[in-house]
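Please read them with the coordinates open.

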Amino acid sequence: MLNGLQFGVMLFLMSAGLTLVFGVMGLINLAHGSLYMIGAFAAAAVAAATGSFVLALMASLAAAALAGALIELTIIRRLYDRDHLDQVLATFALILIFSEGTRWMFGSFPLFLDVPPMLAGPVTLPGGIEYPAYRLSIIVIGLLVAVGMFALINRTRVGIRIRAGEADREMIAALGVDIAKLYTFVFALGAALAGFAGALVGAIQSVQVGMGEPVLILAFVVIVIGGIGSIKGAFVGALLVGITDTMGRFLLPQIFALFLEPSAAVSVGSALASMLIYILMAGVLVFRPRGLYGVA
Amino acid sequence: MTRETWINVAALAVLLGVPLWALMADEPFIITLATRAVIFALAGVGLNLALGTGGLVSLGHAAFFGIGGYAMGILASHAQAYTPIMEAPFLIEGTKSMPVIWLVAMVTSALAALAIGALSLRTSGVYFIMITLAFGQMIYYFAISWPAYGGEDGLSIYKRNEFPGLNTLVPMQFFGLCFAILCLTLLLMNAIHKSSFGLALSAARQNETRVLSVGMKPYHLRLVAFVISGAVTGLAGALFADLNRFVSPTMLSWQMSGEIIIFIIIGGVGRLFGPVIGAMIFILLEHTLGGLSEFWHVYLGALLLGIVLFAKGGVIGALAGREKAHD
């Protein structure tokens, strides 16, 4: 359950940027997974050089935001008025370039990012459950970011502008807001969140080329479930997907074991568990084609 | 003849001429490369009906490509092990016969396309892209975690399947078979484009409201197109698996979906021969750049970016001018 929560929170970091970029700019960005990878690689490189995990996290934020701003200024900017096919292709091309570029710089072998010693051990939660402190802190950080995002979108001037940009691009430009700058900012913000997620997860799994794409696709599922453009939808969807996936992998083989022989139960259960979130998505779509919090 | 027709004829001539030359020069590897190009072209031709004519950006067509591949793999692996696929309620045996395998590959991928399409077509635009991608991934993960047919390692077939009257192990004969299928499919697609169904499908892409107002249902038109498209891509998958005598979840991966789209984009969206020329160029690039540098995907990415940003019609668009033959 907690692992599901941790997974969900991580997915939220990923999908928040994606959904913002889509909601505000109407852009489908496949290269979001590459930004996640860049964050993880930047963190691993800085951690290897300085030994400081905090510096590594900051590096991941900076590197991903920088890469995000850079591709927004050079390429993504030209895609806002294009149809979705062009956006898919251009960002797919970016994935190819980023993946191979990273492979060229860092080699094909996975890097490792160590959990900071302060958070390495387990903590005992109320109720007597032992849980790794690092995973717990990911949950806390993720929830903090979620609160921060809500505050940013709903309470600050930038948030008002973002929401206005979502509603009517020409109007807000006519009111004297530099829409191009706003877009770059939103894109870099989304990129930074993705990079941050990559760095956090990098300490649990290995840091390698191609790590971003499976997460990217899960983030798509999250957004489809939550409704495109909605931060709230992304949050609810992410937790739903995270918990469903983790619980499914754990519970389904056990449920099948009740009426199948053990080896068959494990294979059927795990095969079905890997499909569970997509079935969930299909189910949501049948009833709400625009997602849980989507606007028609 | 228009300029585009000339380009199309030239493309077919090159595609047929290169392996003939390779046969004289005794370069079987080139024939295999050309066969790859033909099969990729077939997969692209399948997707092009949905993507080009129907305007449905499916990022999950690798699912059908892979299902076709697995249809071949499962039938042939049972045939080579002499075990039936299913005994109850009725007996199903494996087979090494290509026509049967093709039929099964097309029917299974058509059924999958029907299920995926029926759900995905309830949505449109960016939702459709993401959902087809997600369904594709679902099947990919299913193939990885289902151990009966090799799971992550895939499934090898010792001997290429048989076609009556041909020795498919001879590269040139297998190439000829694939080339004939591609030509037949192109003829079929041309007929579909010109039929009232094709016109209606194209109209649904251009102006949905008008199609609705004359009493046709875009949803049904698109679903039929999606199913045909899936079946053709599935057939290509069965041939591809036969070419390699190997099928693995890689055929189902979303990079594969992306590559099938790339064939279409390089050649030209919505053009009958777009995927054919695109697949030829892709194979050429893969072969030449892949030999130059291990990181040839960087160049592919840059090329793709250039085409998307600056040359929208692809190669055919650049050569034959902007006027579109199939609208």
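1. B:A113 is buried, at a relative accessible area of 0%, where buried means under 20% relative accessible area, exposed over 50% and partly exposed in between, with a 1.4 Å probe and protein chains only. The residue belongs to helix 4 (residues 98-120) of chain B; helices here are DSSP runs of H or I with at least four residues, strands are runs of E with at least two, and both are numbered from the N terminus. Once residues up to four places away in sequence are set aside, B:A113 touches B:F64, B:A118, B:F226, B:V227 and B:G230, contact meaning heavy atoms within 4.5 Å. The C-alpha atom of B:A113 lies 9.9 Å from that of B:G60, a residue 53 positions away along the chain.

2. On provenance, this is a predicted model, in which local features need pLDDT of at least 70 and side-chain atom pairs count only at pLDDT 80 or more, whereas totals for chains, interfaces and linings use all residues. Residues are numbered from 1 along each chain as its sequence is written, chains are lettered from A and ligands numbered from 1 in the order in which they are written, and side-chain values use heavy atoms, with hydrogens and water left out.

3. Chain B as a whole has 13 helices and two strands. Its radius of gyration is 19 Å, close to the 20 Å that the globule rule gives for 327 residues, so chain B is as compact as a globular protein of that length; the radius is taken over C-alpha atoms, and the rule is 2.2 Å times the number of residues to the power 0.38. Of the 327 residues in chain B, 56% are buried, and among contacts with a separation of 6 or more, 77% join residues 24 or more positions apart.

4. Two residues of chain B deserve a check of their backbone. B:D26, in the loop between helix 1 (3-24) and helix 2 (28-53) of chain B, has a positive phi near 60° without being a glycine, and at 63% relative accessibility it counts as exposed. B:R245, in the loop between helix 9 (218-244) and strand 2 (246-247) of chain B, is likewise not a glycine and has a positive phi of about 50°, but at 31% relative accessibility B:R245 counts as partly exposed.

5. In chain A, the axes of helix 10 (residues 231-257) and helix 11 (residues 262-287) come within 8 Å and cross at roughly 155°, the axes being lines fitted to C-alpha atoms over the stretch in contact and the angles running from 0 to 180 degrees between N-to-C directions. That makes helix 10 of chain A roughly antiparallel to helix 11 of chain A, a term for angles over 145 degrees, with under 35 roughly parallel, 65 to 115 roughly perpendicular and the rest oblique. By class, the contact between these helices of chain A has 14 nonpolar, five polar and two charged residues.

6. Which residues does A:D245 contact, leaving aside its neighbours within four places in sequence? They are A:F7, A:A273 and A:I277. A:D245 lies in helix 10 of chain A and is buried, with a relative accessible area of 7%.

7. Also in chain A, the axes of helix 1 (residues 2-25) and helix 5 (residues 133-155) come within 9 Å and cross at roughly 35°.

Definitions and conventions: Ala, Val, Leu, Ile, Met, Phe, Trp, Tyr, Cys and Pro count as nonpolar, Asp, Glu, Lys and Arg as charged, and the others, Gly among them, as polar.
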